[in-house]
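This report goes through selected parts of one protein model. The sequence and structure come first, and the notes follow.

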Amino acid sequence: MRGQHFVVRLRLVREPLQVEGDIYALAACNDEGGRRLIEMMREFEIAHLETLGEAIFETSREAMIDAIRRLPKGEYRNQLTMDGYNKPLTLAATMTIGDDGIHVDFAGTSPASSHGINVVLNYTLAYTAFGVKCLIAPEVPNNAGSLAPITVSAPDGCVLNAPRPFPVAARHTVGHMLPDLVFGCLEPVWPGGVPAEGSAALWNPQINGGGSIVDELPDGVDPADLPSWSTVIFHCGGAGARADKDGLSATAFPSGVRTIPVEATETIAPVLFRRREFREGSGGAGEFRGGLGQVIEVGGADGMPVSLLCNFERVRHPARGRAGGAPGGPGRVTLLSGRPIRPKGRQTVPPGDFIRLELPGGGGHGAARRRDPAQVAADVADGLVSRERAEADYGVVLARDGTLDPDATRARRAE
C-alpha cells in the first residue's frame, strides 16, 4: 500500500522524474532521524520529549532575547525598490528594537499585485525573522523559542500581506528581498557587520517544449509528433560583499538552493546550453567586491523552440552597495537574435535561437580605492574584473603583462 500511495502522489506532480529522488531522500532522512531519536531516548532513559522540548525552546528564547538586549533600542527604517511585474514595487520597513523583542512593521509597502509575486504574512514573517537572526544570533538554534521574539505587521492588502484570492505562486520573488530590507534596518545598530545587498531572488525559468509550442514550430513539423515536456532550472546571481570578505559568486541567499549542473539538465530535457560562466564585472566594486552573477545561454536542442516562464528580478534596480561600495551589476535578459524579450512572464525562444540570461551581481562593501591592489590584479587575471574597470573603479593600473604597476597605481589613486 505504501508503494501504491507513493506512485499516486508522484502522478500529482508536474515533474515526477525530477522530484522522485527528493521524495526518496526525505523518506530516508525520516527513517534515519527516527532511528537516532529512539537510540537517544533509550540511552538517556527518556520516556517522552515534552520536557526536553520545552527546555530547548526556553533556552533558545532566552539566548535570542539576550542578543536583542545588546542592541541599541529605538526605531530604524529602510526602504527597497524592486522591479515588480510591470511597475516598480516599494518595500518599506520600520524596525522597533525593545527589551524583549524586535518588531518589524511594513507600513508604506506597495499594494498587492494582480500577478503571482504576492506574499502571505506567514512567509513575510519567516524571511524577516531569518534576516534578523542571521545577523544578531546565528549561533542560536532555529526553533519556536528563538523565533518568538521577532514579530511583524503589514497592512492588509499590501504585497507582503496579500489576502485571498490574490495569486502567490511566485512569492519568492518578493519574499527573498526581505533579508536585504531587514539588513538595511540593522545597519545603524550593527556597524561594520551588515553585508551589502545581493541578487536575492533566484532566477528559475520553467522551460516547456514539444507540441505545445505550436506557433513557433518549424514548417513541416507536426505538433502531434512531439511529446510535451517541462523542466525547471535553478540558477542564482552574486551575494553581497561582507564587511571583511568578498561576496560569494553565483551563490543563492537567502535561499539555500544550489545551482543545477548543466549536464543534469541536458540529460533530462531536450535543451542545449551554449554558455555558462561567471559574468565579468558584475560584482559591485568595493574594498570587498560583490559576488559575481552568471551568463547563461540556453535554447532548445536540435533547433527546436522552447517556452520559458520567467520571473527575474534586479534588472532595473540592482543590489545596492554598503559603506561606500558600488551597486552590483543589474540583470539583463535578451535573445541572441536581438528579438525583444521581457524579464517576467511567458517568453518564447524561436527555433535555433537562444535566450541569454545575465544574472545580477552583489553590491560591494567599502570604498573601492581601499581594496588591496594585488587583489584587484588577481581579479583581472582570473577574468572577474576587466583591466578598464580595475583602473576606473579601483584606481589600479596594470602593466602590459598583467602585473601590478605600483607607481602608476599610487599616482592614479592620488588623483
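Which residues are buried in α7?

## Basis of the model

This is a predicted model, in which local features need pLDDT of at least 70 and side-chain atom pairs count only at pLDDT 80 or more, while totals for chains, interfaces and linings use all residues. Residues are numbered from 1 along each chain as its sequence is written, and side-chain values use heavy atoms, with hydrogens and water left out.

## Helix α7

In α7, the buried residues are Leu178, Pro179, Asp180, Leu181, Val182, Phe183, Gly184, Cys185 and Leu186. Buried means under 20% relative accessible area, exposed means over 50%, and partly exposed lies in between (1.4 Å probe, protein chains only). The helix spans residues 178-186 and is mostly covered, with nine of its nine residues buried. Helices (H or I, at least four residues) and strands (E, at least two) are DSSP runs, numbered from the N terminus.

The buried residues of α7 pack against β1 (74-82), β2 (89-97), α4 (121-136) and α6 (172-175). Contact here means heavy atoms within 4.5 Å.

Strand β3 (residues 102-105) has a covered face, formed by Ile102 and Val104, and an uncovered face, formed by His103 and Asp105. Two strands pair if DSSP finds at least two bridges between them.

β2 and β3 run antiparallel and are joined by four bridges; they form a hairpin with four residues between them. Asp105 in β3 is the bridge partner of Thr94. β3 also runs parallel to strand β4 (residues 150-153), again with four bridges, and Val104 stands opposite Val152 in β4.

## Thr409 in helix α11

Thr409 is found in helix α11 (residues 406-414). Thr409 counts as buried because its relative accessible area is 4%. Its side chain reaches the backbone nitrogen of Val397 at 3.0 Å. Leaving aside neighbours within four places in sequence, Thr409 is in contact with Pro373, Gly395, Val396, Val397 and Leu404.

## Two loop residues

Leu49 lies in the loop between α2 (16-43) and α3. Leu49 is partly exposed, as its relative accessible area is 33%.

Arg339 is placed in the loop between β10 (332-335) and β11 (344-349). With 36% relative accessibility, Arg339 counts as partly exposed. Arg339 and Val349 are 10 residues apart in sequence, and their C-alpha atoms are 9.3 Å apart in space.

Key. A polar contact is a pair of N or O atoms within 3.5 Å; within protein, one must be able to donate a hydrogen and the other to accept it, and residues adjacent in sequence count only if both atoms are side-chain atoms.
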